[in-house]
Amino acid sequence: MIDKNHITSFSKELTEILNQEIKLGNQIAETSKGWPQEDVIIIFLDKPFKKQYKFENIEFRNIDDPHYWKAEYYDKSNNHILACKF
């Protein structure tokens with residue numbers, strides 16, 4: 001399910017990455033809010049990230065767990081996550 005409120009409330013820096021990924025052919029697969037903490041918003045991309053990104057408060061994490069997802073960019077300032085599937 002994709003909730004537009006999750007997208008409009010998403011981290012500014014992660015939104016920049018999201019928009020770049022969409023321009024490169026990736027697409028939003030789903031959005032989520034409230035797990036594992038109440039303030040967390042997660043946007044899942046359908047495919048792996050097309051390129052690497054660097055922002056000051058953004059941390060890249062290679063999750064590589066099929067039970068969860070392949071990788072993510074985590075915004076340390078607000079606990080938002082942009083994740084990509086395998």
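Helices (H or I, at least four residues) and strands (E, at least two residues) are DSSP runs, numbered from the N terminus. This is a predicted model, in which local features need pLDDT of at least 70 and side-chain atom pairs count only at pLDDT 80 or more, while totals for chains, interfaces and linings use all residues. Residues are numbered from 1 along each chain as its sequence is written, and side-chain values use heavy atoms, with hydrogens and water left out.

View 1. Along the sequence the elements follow the pattern α-α-β-β-β-β-β. The C-alpha atoms fill a box of roughly 30 × 30 × 25 Å, taken along the principal axes. Of the 86 residues, 36% count as buried, where buried means under 20% relative accessible area, exposed means over 50%, and partly exposed lies in between (1.4 Å probe, protein chains only).

**View 2. Glutamate 72 in strand E4.** Glutamate 72 lies in E4, which spans residues 71–75, and its relative accessibility is 3%, so it counts as buried. Its side chain is joined to that of tryptophan 69 by a polar contact of 2.9 Å; such a contact is a pair of N or O atoms within 3.5 Å, and within protein one must be able to donate a hydrogen and the other to accept it, with residues adjacent in sequence counting only if both atoms are side-chain atoms. Not counting residues up to four places away in sequence, glutamate 72 touches Phe49, Glu59, Phe60, Arg61, Ile63, Ile81, Leu82 and Ala83, contact meaning heavy atoms within 4.5 Å.

**View 3. The largest nonpolar core, of 15 residues.** A nonpolar core is a set of buried Ala, Val, Leu, Ile, Met, Phe, Trp, Tyr and Cys residues joined through side-chain atoms within 4.5 Å. The residues with the most contacts inside this core are Leu14, Ile17, Leu45, Phe49, Tyr73 and Leu82. Helix H2 (12–23), strand E2 (41–45), E4 and strand E5 (80–84) each supply at least two of its residues. Apart from it lies another core, of 7 residues, among them Val40, Tyr74, Ile81 and Ala83.

**View 4. Strand E5 and its two partners.** All 5 of the 5 residues of E5 are buried, with His80, Leu82 and Cys84 on one side and Ile81 and Ala83 on the other. E2 and E5 pair in the parallel sense over 4 bridges, and isoleucine 43 stands opposite leucine 82. E4 and E5 run antiparallel and are joined by 5 bridges, with alanine 71 opposite cysteine 84; two strands pair if DSSP finds at least two bridges between them.

View 5. In the loop between strand E1 (28–33) and E2 lies proline 36, which is joined to tryptophan 35 by a cis peptide bond with omega about 5°. Aspartate 64, in the loop between strand E3 (58–61) and E4, has a positive phi of about 50° although it is not a glycine, and at 45% relative accessibility it counts as partly exposed. Asparagine 79 belongs to the loop between E4 and E5, a hairpin with 4 residues between the strands; its phi is also positive, at about 65°, although it is not a glycine, and with a relative accessible area of 17% asparagine 79 is buried.
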